[in-house]
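Please open the structure in a viewer and keep the sequence at hand. The stops below follow one another by selection.

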Amino acid sequence: MPVTSSVVVPAYKEVGNLRPLCERIFAACKQAGIDKTTEVVVVDDNSCDGSVEVVNELKKEGYNVRIIVRTKERGLSSAVLRGFDDAKGDVMLCMDADLQHPPEKVPELIEALKEGAEFVIGTRYAPGVAIDKDW
């Protein structure tokens, strides 16, 4: 099946978060029936922390995830743009690797974009959204 949605994940020294992030994204996408048409693109700023190996393990396990390791560029904004340039999907999301964004919301965001929203944003500051008092 062709990829229709891409989740771009800029990363630097996030090796400990990549597996749970991808597993949770794809579990949510599977429940929504879009796991076979969704990809995760990790854009790593040459962390040298095992991120490449983790992504390769996930790929071998059947997850549609890949990693771009940048050795000459650095920074969040340029990493996001690089991921969007390399994304295969027509619908694209960006989310942090640190699990601050709930991966379980990815299908809802993708669906909103497919239904015609120009953009979507996940925020803890919207009306009716609560922040953990210990955050």
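The model on display is a predicted one.

**Stop 1: the helix pair.** Select residues 15-31 for helix H1 and residues 51-60 for helix H2; the two pack at an angle of about 20°, and their axes lie 8 Å apart. Because of that angle, H1 is roughly parallel to H2.

Next, show the side chains where the helices meet. On the H1 side, select Val-15, Leu-18, Arg-19 and Cys-22; their counterparts in H2 are Ser-51, Val-54, Val-55, Glu-57 and Leu-58. Sorted by class, this contact of H1 with H2 comprises six nonpolar, one polar and two charged residues.

**Stop 2: Ser-51.** Centre the view on Ser-51, which belongs to helix H2. Is Ser-51 buried or exposed? Its relative accessible area is 2%, under the 20% limit, so Ser-51 counts as buried. Apart from neighbours within four places in sequence, the contacts of Ser-51 are Glu-14, Val-15, Leu-18, Asp-44 and Ile-67.

**Stop 3: the sheet.** Now display the strands. In what order do the four strands of the open sheet stand? The order is E3-E2-E1-E4, with parallel pairing. Strand E3 (65-69) and strand E4 (91-94) are the edge strands; each has a single partner strand, so one side of each has no neighbour in the sheet. On average, and with direction ignored, neighbouring strands of this sheet are turned by 20° against each other.

**Stop 4: the E2 and E3 side.** Select residues 38-44 for strand E2, which runs parallel to E3 and is joined to it by five bridges. Asp-44, one of the contacts of Ser-51, has Val-69 in E3 as its bridge partner. With these strands in view, bring back the helices. H1 packs on the sheet and touches strand E1 (5-11), E2 and E3, its direction making about 160° with that of E2. H2 also packs on the sheet, touching E2 and E3, and its direction makes about 155° with that of E3.

Stop 5: Finally, move to E1 and E4, which pair in the parallel sense over four bridges. Select Val-8 and its bridge partner in E4, Cys-94.

Definitions and conventions: Residues numbered from 1 in each chain as written. Predicted model: local features only at pLDDT ≥ 70, side-chain atom pairs only at ≥ 80, totals over all residues. Heavy atoms only, no water. Axes fitted to C-alpha atoms, helices over the stretch in contact; angles between N-to-C directions. Parallel < 35°, antiparallel > 145°, perpendicular 65-115°, else oblique. Contact = heavy atoms within 4.5 Å. Nonpolar A, V, L, I, M, F, W, Y, C, P; charged D, E, K, R; others polar. Buried < 20%, exposed > 50% of the residue type's maximum accessible area, 1.4 Å probe, protein only. Pairing = 2+ DSSP bridges.
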